[in-house]
Amino acid sequence: MASSTVTLPRVYAERGLLSWLTTVDHKRIGILYILGAGFFALIGGLEALLIRTQLAVPNNRVLVGEAYNQVLTMHGTTMIFLVVMPVLTGLGNYIVPLMIGARDMAYPRLNAFGVWMFLLGGLFLNLSFLLGGAPDAGWFGYAPLTAKTFSKGTGIDFWILGLQLLGISSITSSINFVSTILLLRAPGLTLNRLPLFAWTTLVTAFLILFAMPSISAALFLLFLDRHLGTHFFNPAAGGDPLLWQHLFWFFGHPEVYIMILPAMGIVSEVLPVFSRKPIFGYTAVAYSSVAIGFIGFTVWAHHMFAVGLPPVVNAFFSAASMLVAVPTAIKVFNWIATIWGGAVRYRTPFLFAVAFVALFVIGGLSGLFLAAVPVDWQVTDTYFVVAHFHYTLFGGSMFAIVAGIYYWFPKITGRFLDERLGRLHFALQFIGFNLTFFPMHFLGLSGMPRRVYTYAPGLGWEGLNLLATVGAFILALGFVVFFVNVARSLVAGERASDDPWDGHTLEWLTSSPPPPYNFARIPVVHSRRPAWDRKYTGNPHSHPIVEMVGGNDRTEEAETPEEPNHLPSPSLWPLILAAGLTVFALGLVTHWIFIPMGLLLFALGLVRWVQQPLFPGAHGPSS
């Protein structure tokens, strides 16, 4: 950036481990989310390979009974709460402020607190393997199977409190996203010009704020049932196990859109850039995200078609489940129209984005089958459902996430990921995914139930299960190639310019990687493609570039003047606060001595957080 840019001094170290422990920079926090999600993805992936190895042949004994149930439960919990959600939060943390021309998130310390709650909550959840056994009732934790009568160990308690800690992280990050996107946009960046990834992140944040209290209440009631003798879910004492399902799935189905909407936003950014066209039907794509958010709260009971709800209730939720396909289809047709007739560059981000569209359509079509009550009755507890939700969430979210990582890796690191390794990764992931999960449609239709650790020979399931297991190992090999590519590129990858893809949005107007303050001057936005307009002055919405400052930083006369950038003070107290809550939760499960220790840490972190000024040299408490 310009040499005249002035930044005020920080309180703590700017390099080394301490700088990461005390960071409040949204870019570093985004990296912490992504690295943490990558670590937990390794754990969740190993759990998946164990599951598939056990099911490769009939009567296998690799992982049986209780151990299988624990691994199955932790695989689902890990991939949803510790991989997909946090990696999307991490990409949002890093990219969204840059996209909207902000210098940071609205609440930097709350942002730091959120990432530490995620990391410590994930470690707390996996600590259950070492302290009496992991949870074993499925990622959905159906009552009364999770009652003390049927789950006597501490595994379910770790699951309850671990999800509560992770819920705190999700709520704090959502508050930050809503405040940042609505209040810190660059001049001229109206909602009708907002980048589509920012749009979907905003809708997702609202979904979390409205859905998370439902599962938090359910987990709290379950903890009371297990430890204080209440009977909210015990039918023998007047409770109702269906109450758990209603509370859980009121969160659980919006959760599907919490994981898929930001992925759709990523695809909506990648496809136009590599098709060298603006997104087709911007307004329809943006507002269809809002429609999905609204309709997403009206479909939760389609997970409960088999529990005996009244026919009129089933009919309503069946219709709502089919209705949600309409705004989804709008997005799909607009993505296809964006590619159609474009000067397409078949680079790795584009390949993963297109694969997302294809695989998500397959998952959506099988979802329409499941929305029909008679069909759902037949296949609800079979591998057909496993195939469906993996095509929507893995074939959907994970392919889009990988597309986003390949797309924004040059912006984050200043280096490209290797294109040849990227194409190899794509081939292995695409082939391995389809070999793993497509046969499960046929396994489900032939009657194989899900959540079983073995099966007898002679049922016609052997060949398809073996094929699925081979596909799982090919899929794992693809991710090995990906991690090798990331490690190699960080050390010796090809250097990237500030705008290597000829991008459309504001993040491509700053350096790669961006400076701590993001922009020396806050850019002024005049269209939906502000970066494109600055580069190509023939566009009727473009504005003349006055000078080039510091290599690739473009400024124009209408921009705000350069001034000292007040960088928020690094703070250790968000970490202390998160550690206090985690230690307190540990005390509730293991030994009472951790309870006062956790409360002491929490009180110390809270008091010192309030006392420390937000900016160096400022007086008074931070906001």
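Author: An axis here is a line fitted to C-alpha atoms, for a helix over the stretch in contact, and angles run from 0 to 180 degrees between N-to-C directions. The model is predicted: local features need pLDDT of at least 70 and side-chain atom pairs pLDDT 80 or more, while totals for chains, interfaces and linings use all residues. Residues are numbered from 1 along each chain as its sequence is written, and side-chain values use heavy atoms, with hydrogens and water left out.

Reader: At what angle do helix α11 and helix α14 pack?

Author: Helix α11 covers residues 348-371 and helix α14 covers residues 419-445. Helices are DSSP runs (H or I, at least four residues), numbered from the N terminus. The axes of α11 and α14 lie 10 Å apart, and the angle is about 10°.

Reader: Is α11 roughly parallel or roughly antiparallel to α14?

Author: Angles under 35 degrees count as roughly parallel, over 145 as roughly antiparallel, 65 to 115 as roughly perpendicular and the rest as oblique. The angle for this pair is about 10°. Therefore α11 and α14 are roughly parallel.

Reader: How many residues of the contact of α11 with α14 are charged?

Author: Contact means heavy atoms within 4.5 Å. In α11, the residues that meet α14 include Leu-351, Phe-352 and Leu-359; those in α14 include Glu-419, Arg-423 and Phe-430. Residues are sorted by class (Ala, Val, Leu, Ile, Met, Phe, Trp, Tyr, Cys and Pro are nonpolar; Asp, Glu, Lys and Arg are charged; the others, Gly among them, are polar). Seven are nonpolar, seven are polar, and the charged ones number two.

Reader: What span from first C-alpha to last does helix α8 reach?

Author: Helix α8 runs over residues 282-295, which is 14 residues. The expected span is 1.5 Å times one less than the number of residues. For α8 that expectation is 20 Å, and the helix comes close to it, reaching 20 Å.

Reader: Which helices do the buried residues of α8 pack against?

Author: Buried means under 20% relative accessible area, exposed over 50%, partly exposed in between (1.4 Å probe, protein chains only). Among the buried residues of α8 are Tyr-282, Val-285, Ser-289 and Ile-292. These buried residues of α8 pack against α6, α7, α9 and α10.

Reader: Is α7 roughly parallel or roughly antiparallel to α8?

Author: The axes of α7 and α8 are 11 Å apart, and their angle is about 175°. That angle makes the two helices roughly antiparallel.

Reader: Is Ile-208 buried or exposed?

Author: Ile-208 is in helix α6. Beyond four places in sequence, Ile-208 touches Met-85, Ser-170, Ile-171, Ser-174, Pro-213 and Ile-258. Because its relative accessibility is 7%, Ile-208 counts as buried.

Reader: Where does Pro-144 lie?

Author: Most peptide bonds are trans. The bond from Ala-143 to Pro-144 is cis, with omega near 5°. Pro-144 sits in the loop between α4 and α5.

Reader: What is the relative accessible area of Asn-518?

Author: Asn-518 is in the loop between α15 and α16. Its phi is positive, about 70°, although Asn-518 is not a glycine. Asn-518 is buried, with a relative accessible area of 0%.

Reader: Is Asp-502 buried or partly exposed?

Author: Asp-502 is also placed in the loop between α15 and α16. Its phi is positive too, near 60°. At 21% relative accessibility, Asp-502 counts as partly exposed.

Reader: How far apart are the C-alpha atoms of Ala-186 and His-302?

Author: Ala-186 is in the loop between α5 and α6, and it is buried at 3%. Ala-186 and His-302 are 116 residues apart in sequence. In space, C-alpha to C-alpha, the separation is 41 Å.
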